[in-house]
Amino acid sequence: MNIVKLFDGVYSIDGKLATENSVKGNRVYNEDLIEDGDVEYRLWNPYRSKLAAAILKGLKNFHIKRDSRVLYLGAATGTTSSHVSDIAKDGQIFCVEISERNMRGLLGTCEKRENMFPILSDANNINEYKSIVNECDIIYQDVSVKEQAKMLNINSVMLKKGGYAYFIIKSQSIDISKNPKEIFEDELREVSKNFEIIEKIDIEPFDSLHLFVVLQKK
Ligand SMILES: C[S@@+](CC[C@H](N)C(=O)[O-])C[C@H]1O[C@@H](n2cnc3c(N)ncnc32)[C@H](O)[C@@H]1O
């Protein structure tokens with residue numbers, strides 16, 4: 001077995017992406033588990049997680065550390081956020097999700113992982129969770145709504161200066177009739193008052209009509 005460390009907490013095992021499972025024996029989305037001595041890895045599916053897709057597509061700016069405080073917007077049932085929880089094992093992941101149905105799945109994931117905190121809220125209503133999160137090191141936003149840049153700008157008040165945002169823009173949720181490139185430019189213009197654009201990644205073939213962007217708070 002050939003295990004290569006790509007970033008702190010992120011590995012390639014025989015060419016497949018993985019994180020070290022912080023809850024041994026536990027699967028979140030029926031992913032494969034791989035034992036190597038005392039360590040158990042969870043394979044990380046790039047077709048299920050845009051962060052995994054971005055890493056496989058050559059992401060250079062990976063700033064989630066072992067002790068990061070992460071504000072995760074649009075956690076769904078916890079697929080990607082559980083891998084973030086493996087990486088930031090001494091940190092905290094605040095998982096905001098609006099759907100009660102997804103929240104039921106997310107609660108199951110968070111119950112097993114001490115560093116994941118579920119928050120049932122609209123991510124536009126930051127007053128519902130601002131006092132819980134306080135200041136964070138990272139914002140990860142993967143929310144299919146019409147006003148995606150506006151949501152990130154609202155939440156950016158909780159991001160420390162110099163902190164990073166991973167912003168996934170889904171053009172189809174904004175305007176299906178418009179050229180995705182124009183939509184991406186408009187969204188990035190809207191966040192540019194708060195953020196520097198650090199890196200942009202096209203995550204095809206894992207997901208289409210999305211742009212994965214790394215931003216740094218000014
Ligand atoms: C593409 S899915 C997220 C997938 C997840 N990030 C992952 O990789 O595991 C988008 C999620 O955003 C949630 N969502 C939509 N509008 C929202 C809002 N206003 N506030 C918070 N979450 C929202 C949806 O319910 C859905 O679960």
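## Strands, helices and cores

Seven bridges link strand β10 (residues 159-170) to strand β12 (residues 210-217), and the two run antiparallel. The model is a predicted one. Within this pair, tyrosine 166 has valine 214 of β12 as its bridge partner.

**The seven-stranded sheet**

Both strands belong to an open sheet of seven strands. The order is β8-β7-β6-β9-β10-β12-β11, and the pairing is mixed. Why do β8 and β11 lack a neighbour on one side? β8 (116-120) and β11 (195-202) stand at the edges with a single partner strand each, so one side of each has no neighbour in the sheet. On average, neighbouring strands here are turned by 15° against each other, direction ignored.

**Helices on the sheet**

Helix α2 (residues 79-87) packs on this sheet. Helix α2 touches β6 (69-73), β7 (92-97), β8 and β9 (136-141). The direction of α2 makes about 175° with that of β6. Helix α3 (residues 100-112) lies across β7 and β8 and runs at about 165° to β8.

The largest nonpolar core has 35 residues. Which residues have the most contacts inside this core? They are Leu51, Leu59, Ile64 and Phe212. The elements giving two or more residues to the core are α1 (50-56), β6, α2, β7, α3, β9, β10 and β12. Of these, α1 gives the most, with five residues.

Isoleucine 64 shows what such contacts look like. Leaving aside residues up to four places away in sequence, isoleucine 64 touches Leu51, Val70, Val84, Ile87, Ala88, Ile138 and Tyr166. A second, separate core has 29 residues, including Ile119, Ala149, Met151 and Val213.

**Pairs around β3**

Strand β3 (residues 16-20) pairs with β2 (residues 10-13). β3 is also joined to β5 (residues 39-43). The table sets out the two pairs.

| Strand pair | Bridges | Direction | Residues standing opposite |
|---|---|---|---|
| β2 and β3 | four bridges | antiparallel | tyrosine 11 and alanine 18 |
| β3 and β5 | three bridges | antiparallel | threonine 19 and arginine 42 |

In a regular strand, side chains alternate between the two faces of the sheet.

β2 and β3 form a hairpin with two residues between the strands. Which residue there takes a positive phi? Aspartate 14 does, with a value near 50°.

Technical notes:
Residues numbered from 1 in each chain as written. Predicted model: local features only at pLDDT ≥ 70, side-chain atom pairs only at ≥ 80, totals over all residues. Heavy atoms only, no water. Pairing = 2+ DSSP bridges. Axes fitted to C-alpha atoms, helices over the stretch in contact; angles between N-to-C directions. Contact = heavy atoms within 4.5 Å. Core = buried A, V, L, I, M, F, W, Y, C linked by side-chain atoms within 4.5 Å. Buried < 20%, exposed > 50% of the residue type's maximum accessible area, 1.4 Å probe, protein only.
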